[in-house]
Amino acid sequence: MLIIQSMIDGILMGGIYGLVAIGLTLIFGVMKVINFAQGAFLMLGMYVSYWAFTLMGINPYLSIFLSAAVLFVVGAFVQKTVLSRMMDAPEHNQLLVTLGIMLIIENLALIMWSPNFRSVELGGITQTLRIGEIGINTPKLIAFGFAIGLTVLLFWFLRNTLTGKAIRATSIDRQGASLVGINTSRINYIAFGIGAALAGVAGSLITPFFYTSPDVGATFILKGFVVVVLGGLGNFIGALVGGLIIGVSEALGGVFLPGSLKELMTYLIFILVLLVKPNGLFGGKSS
């Protein structure tokens, strides 16, 4: 029963990991930039929901729209003012720039809001849903539902809208997209903004059951990169499935391994998959 309970908890958290990873995948697929600032964007999304709840009483599940809008603007601003100047730079320079952006955001948050842990209490919503002897954390279940819904919505957006098709075209062949009239510079900041918005929404979704602090993004960014590589760079479906795999492996690691060693199972699976399939489970782009 403990194993089943752990697997359910892992699947629910895996949806959040997948949502963070999909934002990373979108940014990498379009711009070929590894965005280390994604965890900082998630942290900002958490603070948006925390302060919206604390100051105005807005439920975090409603403030996801606010955090998505704020983080889209932040992401688009970062891309247009900083990363647009680095598009032709070596990859390691781009990586260091996004790492620097992460450190700036985290330290600004530290100055503005202190290192104290903060939390949101939602009363009855935090109750556990019981099915027999299995307990399902209601906020995690809601977050998982939102994560799956947003993944499906993003997939539909990329398939069926002009902007989505332009993003896919830019991801597949930037020069060809430019030749047929697509403004690839505009697509860059739209894609980066959407990726940042997804991180902000993920932050809002975990606010009811996870602590909020300036360094919380570090908890998720490393797993996000593991999920992206595990599923296959540029593959949305792979990112979601990879998130579920990492979530379950992390939960089972907590059952079978002591203390911090629970992370061992996650990275063991990661290494084994890369040994067997170096391009990830899905090994390519899903357009």
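Reader: Hi! What should I know about the model before we start?
Author: It is predicted, so local features need pLDDT of at least 70 and side-chain atom pairs count only at pLDDT 80 or more, while totals for chains, interfaces and linings use all residues. Residues are numbered from 1 along each chain as its sequence is written, and side-chain values use heavy atoms, with hydrogens and water left out.

Reader: Thanks! Where is Thr212 found?
Author: Thr212 lies in the loop between helix H8 (184-206) and helix H9 (217-231); helices are DSSP runs of H or I, at least four residues, numbered from the N terminus.

Reader: Is Thr212 buried or exposed?
Author: Thr212 is buried, because its relative accessibility is 0%. Buried means under 20% relative accessible area, exposed over 50%, partly exposed in between (1.4 Å probe, protein chains only).

Reader: And which residues is Thr212 in contact with?
Author: Beyond its neighbours within four places in sequence, Thr212 is in contact (heavy atoms within 4.5 Å) with Met46, Tyr47, Asn116, Phe117, Arg118 and Thr207.

Reader: Switching topic: how many aromatic pairs are there in the whole structure?
Author: The search finds nine. Rings of Phe, Tyr and Trp (its six-membered ring) pair if their centres lie within 6.5 Å; planes under 30 degrees apart count as stacked, over 60 as edge-to-face and the rest as tilted. Phe36 and Phe225 make a tilted pair, 4.9 Å centre to centre with 55° between the planes.

Reader: How many residues apart are Phe36 and Phe225?
Author: They are 189 residues apart. Phe36 is partly exposed at 25% relative accessibility, whereas Phe225 is buried at 16%.

Methods:
Helix = DSSP H or I, 4+ residues; strand = E, 2+ residues; numbered from the N terminus.
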